[in-house]
Amino acid sequence: MRTALIIVDVQNDFCEGGSLAVTGGAAVAAQISEFLEDHHTDYQVVAATQDWHIDPGSHFSDDPDFVSSWPVHCVAETEGAETHSNFDTDYVTEFFRKGAYDAAYSGFEGLSAPDVDVPMGEDPEDADEERISLDDWLQEHDIEAVDVVGLALDYCVQATAKDAVDAGYETRVLLPLTAPVAKESGERATEELADAGVAVVEDLD
């Protein structure tokens with residue numbers, strides 16, 4: 001079965017020291033790199049998503065509730081939006097940016113970045129004409145199944161995996177290569193993913 005790996009939002013602002021840090025985020029970034037080194041040949045393609053906010057409205061708040069509103073994070077063209085240094089992007093086939101003007105938790109809301117080699121880099125004026133959605137890109141590569149990893153389990157990973165199921169892909173979340181915003185919501189997300197038809201893999205050995 002032709003399979004893709006989707007790596008969700010392994011960015012500075014979601015790791016320790018960032019404006020919306022997830023505990024264990026930097027460790028997850030390193031573990032994903034190790035996994036890619038050992039398993040990149042298991043996948044036909046590797047996609048990575050980035051929050052890329054410009055003006056996402058009420059998604060940003062000076063008084064966030066950490067449920068539907070959040071501190072400012074992953075603003076386009078800032079260091080916080082860069083991929084974390086522990087995440088080796090050499091095996092990434094394509095980047096997808098999401099959330100310019102809305103929350104966009106799911107990677108399936110993103111569009112391909114204009115230059116896979118430069119996750120930061122200013123977009124060319126004609127970039128919109130060259131961009132495609134994650135779903136269209138997966139279909140172009142005849143992908144039938146996806147594995148989803150990254151940050152954070154209880155928000156963008158969960159949303160991406162659920163959308164993958166809805167789009168018809170056989171979907172797994174590799175739990176050791178994720179981290180939640182909070183333990184309780186992470187446990188709830190794991191249950192909801194299983195209920196949605198996502199295979200939750202708890203042991204990679």
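Contact, in what follows, means heavy atoms within 4.5 Å. This is a predicted model, so local features need pLDDT of at least 70 and side-chain atom pairs count only at pLDDT 80 or more, while totals for chains, interfaces and linings use all residues. Residues are numbered from 1 along each chain as its sequence is written, and side-chain values use heavy atoms, with hydrogens and water left out.

I start with I32. Leaving aside neighbours within four places in sequence, I32 is in contact with I7, V10, F87, V149, G150 and L177.

Next, the cores. A nonpolar core is a set of buried Ala, Val, Leu, Ile, Met, Phe, Trp, Tyr and Cys residues joined through side-chain atoms within 4.5 Å; buried means under 20% relative accessible area, with a 1.4 Å probe and protein chains only. The largest such core has 33 residues, and L5, I7, I32 and F87 touch the most other members. Helix α1 (25-39) is among the elements that supply at least two residues each, and α1 gives the most, with six. A second, separate core of 22 residues includes I6, A47, L134 and L138.

Now helix α4. Helices are DSSP runs of H or I, at least four residues, and strands are runs of E, at least two, numbered from the N terminus. Which part of the structure covers the buried residues of α4? The cover includes β1 (3-8), β3 (94-98), β5 (145-151), β6 (170-179) and α5 (183-195). Ten of the 14 residues of α4 (residues 153-166) are buried, so this helix is largely enclosed by the rest of the structure. Y155 and C156 are among those buried residues. Just after α4, G168 takes a positive phi of about 100°.

Conventions
Buried < 20%, exposed > 50% of the residue type's maximum accessible area, 1.4 Å probe, protein only.
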